[in-house]
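Reader: I am new to this structure and would like to learn how to read it. Please take me through it one feature at a time.

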Amino acid sequence: MQLFRRRLGGDRSAHPPYIPGDLTTGPPGKTLFFFMIPILIGNIFQQCYNLADSIIVGQFVGAGALAAVGGAGPIFYMGTIVSSGFSVGVAIVTGQFFGEGRRREIKDILSTSVLFTVATSILISILGVLFAPALLRFLNTPEDVFADSVTYLTIIFVGFLFIFLANIGGSLFNALGDSKTPLYCMAAGGLLNIVLNLWFVIGFGWGVFGVALATVIGQVFTCAIGFPLLMRRIACLGDGQIGLRHGFGRFRADLLGLIVKLGASSALQGIVLSVSGLLIQGIINSFGSLYMAAYTSAQKIELFLTLPIYNLHNALSNYSAQNIGAGRLNRVKQGYRVSILWSMIFCAAMAVILFLFGGNLIGIFIKAESDGAVIQVGAQYLRMLCIAYFPMSFMFMSEGLLRGAGDVLSVSFITAGGMLFRMIAAYSFASLLGFYTVAVAYFFSYTSESILAYIRVRSGRWREKAVTGGVSPVAEGNDAL
């Protein structure tokens with residue numbers, strides 16, 4: 001990273017002229033809030049079309065097809081490890097460069113990212129299609145859902161390039177402080193996905209194949225409208241002296257090395273999560289398709305209701321990256337404290353909803369007349385999981401700050417510690433609690449991660465991880481918070 005570090009000296013408080021997307025000015029709480037809202041709305045749209053997949057499959061195909069889609073989830077997540085990790089690296093470098101005022105280099109980040117994405121996606125697609133059946137066997141996938149799981153994964157991996165590109169584009173927009181444009185693109189792609197779901201599944205009777213195809217087409221459409229806007233956005237950037245005439249720059253091996261270094265640390269976290277998810281899914285699969293369907297439905301609801309917390313985590317990460325690049329640590333600390341407060345409020349509201357209406361929410365996906373046992377199991381699981389969300393929210397805020405600082409390797413080790421606690425708890429209580437051991441395991445992992453992440457934040461060592469050299473350990477005092 002030394003290649004990118006500037007000499008410290010002169011007036012480090014100097015800041016380039018304000019342009020839209022600058023998160024280094026204005027009240028921290030207000031800035032974070034208005035930056036987070038479009039991200040939240042956009043992810044609500046994304047979850048809505050994910051929910052639409054499950055609702056359409058569960059209501060018009062059956063619980064077995066729903067279990068097939070859910071059982072394929074951990075394997076698809078393995079495929080997204082590279083995508084997610086690389087997107088994190090892109091966001092950190094872009095945000096810190098933008099905050100420090102090195103905006104002319106962002107077009108090179110775009111070109112480098114796209115070329116890497118195309119090459120990597122081809123490899124992931126080939127490996128995903130070839131090894132999906134073997135991985136499903138490893139997960140003890142029941143025979144009655146095996147064929148549908150293979151079909152779903154095959155279509156998804158064939159279209160993986162566009163899923164990867166959509167992630168990269170969204171990360172670049174958010175790192176530049178523009179959370180509205182990806183909202184519009186995601187909403188358009190999500191609406192198209194829902195329409196195609198209804199058409200393919202109900203109209204043509206294509207089942208799981210239709211759901212997967214609609215997902216890929218929606219991502220293609222998102223990329224088609226999003227990338228021209230992204231290139232135009234980057235082309236409009238300037239450092240007060242030189243305007244960029246083109247949004248697409250040149251490939252730079254030095255930038256790729258920096259991004260991959262950060263992304264690899266984040267990918268390590270993804271690998272740990274993926275392995276943990278595979279093992280957890282294996283435990284669930286051993287109880288049969290009823291519990292698989294209940295867990296899949298509960299996961300969809302959980303992902304939807306935790307969106308405010310997860311998106312506040314993402315907003316804090318991008319906010320921290322820009323302000324660390326600008327050397328404004330006081331704003332980072334203020335944003336962190338505000339985020340913790342908001343996340344606890346969101347968490348309390350979510351726990352009430354799940355405890356009181358868990359059964360009703362599971363019933364959205366499952367017909368009560370034919371699969372009432374699935375609803376009962378899923379609702380009980382959600383009630384047990386409520387208490388785990390409080391340490392989870394604290395964990396997300398701490399890790400958001402660390403990630404924005406570029407301290408992603410520490411986050412990976414923290415995650416590994418949490419997953420170790422998760423698996424120990426899952427296997428230790430499996431014979432006593434059965435399927436519900438999963439909820440207990442999540443509580444142990446979130447609690448341990450939140451403690452470890454807070455210790456890292458308090459240490460203040462994250463201040464030394466800035467990739468731009470825009471922050472020194474004594475920039476604004478030695479206190480960590």
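**Reading the helices and their contacts**

Author: The axes of helix 5 (residues 160-175) and helix 7 (residues 207-235) come within 9 Å, and they cross at roughly 35°. Keep in mind that this is a predicted model.

Reader: Is the crossing of helix 5 and helix 7 left-handed or right-handed?

Author: Helix 5 passes helix 7 in a left-handed crossing.

Reader: Which residues make the contact of helix 5 with helix 7?

Author: On the side of helix 5 they are F162, I163, L165, A166, G169, L172 and F173. Helix 7 contributes Q219, V220, C223, G226, F227, L229, L230 and R233.

Reader: How do the residues of that contact divide into nonpolar, polar and charged?

Author: The contact of helix 5 with helix 7 has 11 nonpolar residues, 3 polar and 1 charged.

Reader: Let me try another pair. At what angle do helix 9 and helix 11 pack?

Author: Helix 9 (residues 289-305) packs against helix 11 (residues 329-362) at an angle of about 140°, and their axes are 11 Å apart. Angles over 145 degrees count as roughly antiparallel, and the angle here makes helix 9 oblique to helix 11. The crossing of these two helices is right-handed.

Reader: Which residues of helix 9 and helix 11 make the contact?

Author: A294, S297, A298, I301 and L305 come from helix 9, while M350, I353, L354, L361 and I362 come from helix 11. By class, the contact of helix 9 with helix 11 holds 9 nonpolar residues, 1 polar and no charged.

Reader: What are the angle and the axis distance for helix 13 and helix 14?

Author: Helix 13 (residues 389-404) and helix 14 (residues 408-433) pack at about 150°, and their axes are 8 Å apart. In this contact, helix 13 supplies E399, L402 and R403, and helix 14 supplies V408, V411, I414 and T415. These residues divide into 4 nonpolar, 1 polar and 2 charged.

Reader: How many helices and strands does the chain have?

Author: The secondary structure comes to 15 helices and 0 strands.

Reader: What part of the chain counts as buried?

Author: A residue is called buried if its relative accessible area is under 20%. In this chain of 481 residues, 58% count as buried. The accessible surface of the chain comes to about 18,700 Å², and 67% of that belongs to carbon and sulfur atoms.

Reader: What share of the contacts joins residues 24 or more positions apart?

Author: Among contacts in the chain with a separation of 6 or more, residues 24 or more positions apart account for 83%.

Reader: I would like to see this in single residues. Where is L40, and is L40 buried or exposed?

Author: L40 is found in helix 1 (residues 28-60). L40 is buried because its relative accessible area is 14%. L40 and Y310 are 270 residues apart in sequence, yet their C-alpha atoms are 8.6 Å apart in space. Setting aside neighbours within four places in sequence, L40 is in contact with L307, P308 and N311.

Reader: Where does N318 lie, and which residues is N318 in contact with?

Author: N318 lies in helix 10 (residues 307-325). Its relative accessible area is 8%, so N318 is buried. Leaving out neighbours within four places in sequence, N318 is in contact with L23, F35, A91, N174 and A175.

Reader: Why does G190 count as buried?

Author: G190 counts as buried because its relative accessibility is 2%. G190 is found in helix 6 (residues 180-203). T222 is 32 residues apart from G190 along the chain, and their C-alpha atoms are separated by 8.3 Å.

Reader: Last, which residues does V440 touch?

Author: V440 has its place in helix 15 (residues 437-459). Not counting residues up to four places away in sequence, V440 touches M384, F429 and L433. V440 and A425 are 15 residues apart in sequence and 7.0 Å apart in space, C-alpha to C-alpha.

Terms used. Residues are numbered from 1 along each chain as its sequence is written. This is a predicted model: local features need pLDDT of at least 70, side-chain atom pairs count only at pLDDT 80 or more; totals for chains, interfaces and linings use all residues. Side-chain values use heavy atoms; hydrogens and water are left out. Axes are lines fitted to C-alpha atoms, for helices over the stretch in contact, and angles run from 0 to 180 degrees between N-to-C directions. Helices (H or I, at least four residues) and strands (E, at least two) are DSSP runs, numbered from the N terminus. Angles under 35 degrees count as roughly parallel, over 145 as roughly antiparallel, 65 to 115 as roughly perpendicular and the rest as oblique. A crossing is left-handed if the near helix is turned anticlockwise from the far one by less than a right angle, and right-handed if clockwise. Contact means heavy atoms within 4.5 Å. Ala, Val, Leu, Ile, Met, Phe, Trp, Tyr, Cys and Pro count as nonpolar, Asp, Glu, Lys and Arg as charged, and the others, Gly among them, as polar. Buried means under 20% relative accessible area, exposed over 50%, partly exposed in between (1.4 Å probe, protein chains only). Accessible areas come from the Shrake-Rupley method with a 1.4 Å probe; for residues, only the protein chains shown count as cover.
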